[in-house]
Amino acid sequence: MIPSQILQCAQPELQPYAVPLFGQLGRLAKEAKTFRLPFQVDRDRILHTQAFRRLQYKTQVFAFGHGDHFRTRLTHTLEVVQISRDLARTLGLNEDLAECIALAHDLGHTPFGHAGEEAMNACMQQHGLHFEHNEQSLRIVTILERNSHNYGGLNLNTEVIEGLMKHREINDSSAPGYLRSLSLEAQVVNLADEIAYTVHDIDDGLRANLLTIDDVKATQLGKKIFDRVDSNTQEARGMFVDTLLGDLFEQIPRVLLQHSVKTLSDVYACKHSLIFFSHAIKKQLEEMRDLLWKNVYGSQSVQAQAEYGKKIVSDLFTFFMTNPSERIQALIHQTGSSLPLAVKDFIAGMTDAYAGEMWTEVMTK
Ligand code: MG
């Protein structure tokens, strides 16, 4: 057991609506007590998965290998982690839990970013199935990665697992056992993800010369930031994050008060999200996202990379459906899944570089 005077220092000002330090919902399989807190143990398990290490070679927006300084899926994840922790600590939420959810939130991404995800979804639909990266993140931590022979998956605390169900309908009656709303820690990570990708995509867009500072300044939010920091993009990036966090810090206590949310049970019982931007910032973010779509995501260079990634994912899927490798047979054996699910698990786990090499290999067979 952790001595109580030390425990008090672990996170002294947790609010009653936070998930408690030791959690409440437990793990599926019982485990012996540890010296570290339950969510610290979970963080360790997520960080040491192979899926986490592969994030460094997966595309965020700019394909891996196209430049050393663009965000990868790993650096994006680390940015989401730090913003989640900042939000959680300032709001008196469970920082360890927020960190766990943030670390795991993109584990299920295919190679080649959203283009790879789109191609994989199209492949799965041919078999009456679908693909969605959040669901795959969940599958990785509950089935595909192993921590012990005594249980499947990582046996994470239920609060972490539920926190990864980002797009699942809250109180979805078709998901028995998952009737609670998301914890505030999970809601915080969703917003931290949005802050991280919006701000770093502006930064990467400027680096790739797909955006100019004048383009950014022409938006309401961009003007507000660049009026304060000249044209130093690093300083501006920090100020973007700070401005968006500032909005949430003002907004959240007001929303919690408005909905009489005082305890964790109140959070679980609330039928809608409690963590969202003010109306004004939401509008400004929409304007910024429009700019990013027009100049960055929709640009010829990013689209060309996307088409290349889609072709690789789709060709690999077709090949392995008719030529299931030993690795795929092993996945079927290990998970009891159908062939399309095992092919999907194998390809979704690949890094950009590995998928490219594999494509060259199988296309020349
Ligand atoms: Mg993300």
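Residues are called buried here when their relative accessible area is under 20%, and the views below use that term for a model that is predicted.

View 1. Helix H17, which spans residues 339-348, is mostly covered, with 8 of its 10 residues buried.

**View 2. The largest nonpolar core and Leu316.** The largest nonpolar core of the model comprises 106 residues, and those with the most contacts inside it are Ile46, Leu107, Ile195, Leu316, Phe320 and Ile347. Helix H9, residues 184-207, contributes the largest share of this core, namely 11 residues. In soluble globular proteins, nonpolar side chains tend to be buried together.

**View 3. Packing of helix H5 against helix H9.** Helix H5 (residues 95-104) packs on H9 at an angle of about 45°, and the two axes lie 9 Å apart. The two helices, H5 and H9, are therefore oblique to each other, and their crossing is right-handed. On the H5 side the meeting residues are Leu97, Ala98, Ile101 and Ala102, while H9 presents Glu185, Ala186 and Val189. Sorted by class, this contact of H5 with H9 holds 6 nonpolar residues and 1 charged residue, with no polar ones.

**View 4. Packing of helix H4 against helix H9.** The axes of helix H4 (residues 73-91) and H9 come within 8 Å of each other and cross at roughly 130°, which makes H4 oblique to H9. The crossing of H4 and H9 is right-handed. From H4, the contact is made by His76, Glu79, Val80, Ile83, Ser84, Leu87, Ala88 and Leu91, and from H9 by Val188, Val189, Ala192, Asp193, Ile195, Ala196, Tyr197 and His200. The residues of this contact divide into 11 nonpolar, 3 polar and 2 charged. Among the H9 residues that take part, Val189 also meets H5, and Ile195 is one of the residues with the most contacts inside the largest nonpolar core.

Key: Residues numbered from 1 in each chain as written. Predicted model: local features only at pLDDT ≥ 70, side-chain atom pairs only at ≥ 80, totals over all residues. Heavy atoms only, no water. Core = buried A, V, L, I, M, F, W, Y, C linked by side-chain atoms within 4.5 Å. Buried < 20%, exposed > 50% of the residue type's maximum accessible area, 1.4 Å probe, protein only. Helix = DSSP H or I, 4+ residues; strand = E, 2+ residues; numbered from the N terminus. Axes fitted to C-alpha atoms, helices over the stretch in contact; angles between N-to-C directions. Parallel < 35°, antiparallel > 145°, perpendicular 65-115°, else oblique. Left-handed = near helix turned anticlockwise from the far one by under 90°. Contact = heavy atoms within 4.5 Å. Nonpolar A, V, L, I, M, F, W, Y, C, P; charged D, E, K, R; others polar.
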